[in-house]
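Student: Could we go through this structure together? I'd like to know where the labels come from.

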Amino acid sequence: MPRAWIGAAEVLGADLHLELAGTGSRRAVLTRALREAVRGGRLAPGVRLPPYRSLAADLGLARNTVADAYAELVAEGWLTSRQGSGTRVSTRAAASVSAETEPTAEEAGGRGATAALAYDLVQGRPDPAHFPRTAWLASARRAWTAAPDEAFGIGDPRGRVELRRALAGYLGRVRGVRTEPERIVICAGAAHALRLLARVVGGGEATWAVEAYGLPFHRALLADAGVRTVPVEVDEDGARVGRLPRDAGAVLLTPAHQFPTGGPLHAERRAAVVGWARSTGGLVLEDDYDGEFRYDRRPVGALQDLDPDRTAFIGSVSKSLSPALRLGWLVLPAGLVSEVVAAKGEREPYSSATEQLTLADFVASGGYDRQVRRMRRHHRERRDRLVAVLAARVPRVRVTGIAAGLHAVVELPAGTERATVAAAARHGVAVEGLDGYRHPDAVSLPRRDGLVVGYATPPERLYGPALDALCAALTETMNTTDS
C-alpha cells in the first residue's frame, strides 16, 4: 500500500503525512499509521482529525474502514470523539507504549493481524450486516418527533431519562437487575463505564482483583488509571472468589459467562463474592459481557440482584446491536452515582442524545427484544455448526465455553497454542489464542492452551470456508504433534 498525503489543511492547518505501508488489511495499516503519528508526536494532543468521510475520500478507502480505525483508536485511548467537537488526539495519549499494544503480523490471530487474513474468527465482533436499520430508523423518527425541546440542549450528565427508564425496566425484566432510573448512568460503552469507575473507586495505589483470563484492554485501562490488578484463578465454575485478597478495593468479574473461558459463576461463589464485598467494603464490578446470548438454558441472572449496594453492573449494546453506537450503562450503588456523574462531566460529552432517545424507543417498543432473540438464534446456529464440524473433522479437540456468548474455546494439547495460531494464519484464518487473554502476573496459576474462536463475524458465504480453513490448521497441528 503506497504512502499518502492527506489534503486536510482546512481541518488540521497542514497536510497530514501517513505512511500506509506494511502488512495487514487497509484498516489495520491505517490504524497503525495513525497510532504511530500520535506516538511519534506528529499528531499532538488536541489536534482534530479529518472527518472519516473526508479521510476515506482522500485515501481512496471505504468509509467504514476509516470509521472503524477511528473507533479502535478511541477505544485504545489514542483519540477522543465528542459530539460537535469531532475526533481529536487524546490529551492523555502517551508518547510510547509497550510492544503489546501493537501486535506484529507474526502474532497470528492477534488483533493487529486480524483483517489481513481471509477469514475473521476473532471473538467479540458481531456481523455489522445484521444491524436492524429499518427498525432503528423507525425508532429514531418516533423518538425525535416526540422528544421535548430540552432534549436537544445540554442535557443531564446521567443520560436521557427516557433511556434510563427504559433500561431500568428492561434490565429488571431480562437480567434480574434491581434498580431505578436515578441509579443508572449512560456511558459511551463498557470501556467508558470502567474508566469512570476506575477514577472514582481506583487511582492512587488502589488494588483490584481481576479474573486471570480477561480482556488485556481492560487491564491496560485500569493501569492507566493507576489501578494495580492482581489475578484470580478461574475454572469451569468461574473465578475462584474464595481466594480474593482482603485488601482489594474492587473485583472485576464476568459472572454471566466468564470471558473468555466460558461458564457462569457458580451460585455458591456468587454468594461468596457478595460476602467478600460486605466484609471488606469492596465493590463488585459486574461486566455483563454477552450475558444476553445464552443458548442452552435460561439466562443467568445478574449478580447485582444479590446486593445492589455493593455491585456496579456494566452493560452495553456493542454485542447486541453495534459497537458503533457507543452506548452503554452503569447501574450503580446509590452512594456512587454523584461521584461517577462528577467524574463523567456536566455536559454529557460522550453519548449522543439522539442515539439515546432512539435506543429508549427501541427498547420500549420491543424492537430490542426482537433483535436480541433474532441474533440469539443466529449465533446459536453458528455455534452448533462450529461444534458439529470440529467433532466430525477434528474429533481430538474439545470445544468448551459454548453455553453462551459469541465465541467458543477449542482446547489444545499443552504447548501447541502458538503453533496452532500460526498454522491458522497460514491457512488465512484470523483467530486468537487463550494466552493473549492471560494476566501477565498469573505465572503461578494453571495455564491452558486453546483457541478463542469467534463465530459471529464472518458473512454467511465465508463461514463455511472459514471453518474448513480452521479444521485444516488444527489437523496440521495435530499431525505435527503426533510425528
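This is a predicted model: local features need pLDDT of at least 70, side-chain atom pairs count only at pLDDT 80 or more; totals for chains, interfaces and linings use all residues.

Student: Why is aspartate 156 called partly exposed?

Tutor: Its relative accessible area is 27%. Buried means under 20% and exposed means over 50%, so aspartate 156 counts as partly exposed.

Student: Where is serine 322?

Tutor: You'll find serine 322 in the loop between strand 13 (311-316) and strand 14 (328-331).

Student: And how do you know whether serine 322 is buried or exposed?

Tutor: Serine 322 has a relative accessible area of 15%. The cut-off for buried is under 20%, so serine 322 is buried.

Student: What does the side chain of serine 322 reach?

Tutor: That side chain gets to the backbone nitrogen of alanine 324, at 3.0 Å. Leaving aside neighbours within four places in sequence, serine 322 also contacts Phe131 and Val317.

Student: How much space is in the second largest pocket?

Tutor: About 250 Å³. It is lined by 16 residues, and those closest to its centre include Asp235, Glu236 and Arg448.

Student: What makes up that lining, by residue type?

Tutor: The lining of the second largest pocket splits into 5 nonpolar, 5 polar and 6 charged residues.

Terms used:
Residues are numbered from 1 along each chain as its sequence is written. Side-chain values use heavy atoms; hydrogens and water are left out. Helices (H or I, at least four residues) and strands (E, at least two) are DSSP runs, numbered from the N terminus. Buried means under 20% relative accessible area, exposed over 50%, partly exposed in between (1.4 Å probe, protein chains only). A polar contact is a pair of N or O atoms within 3.5 Å; within protein, one must be able to donate a hydrogen and the other to accept it, and residues adjacent in sequence count only if both atoms are side-chain atoms. Contact means heavy atoms within 4.5 Å. On a 1 Å grid over the protein atoms alone, a cavity is a set of points where a 1.4 Å probe fits but cannot get out, and a pocket is an open set with protein on both sides within 12 Å along at least five of seven lines; lining residues have an atom within 4 Å of a point. Grid points are joined across faces, edges and corners, and a volume is the space filled by probe spheres set on the points. Ala, Val, Leu, Ile, Met, Phe, Trp, Tyr, Cys and Pro count as nonpolar, Asp, Glu, Lys and Arg as charged, and the others, Gly among them, as polar.
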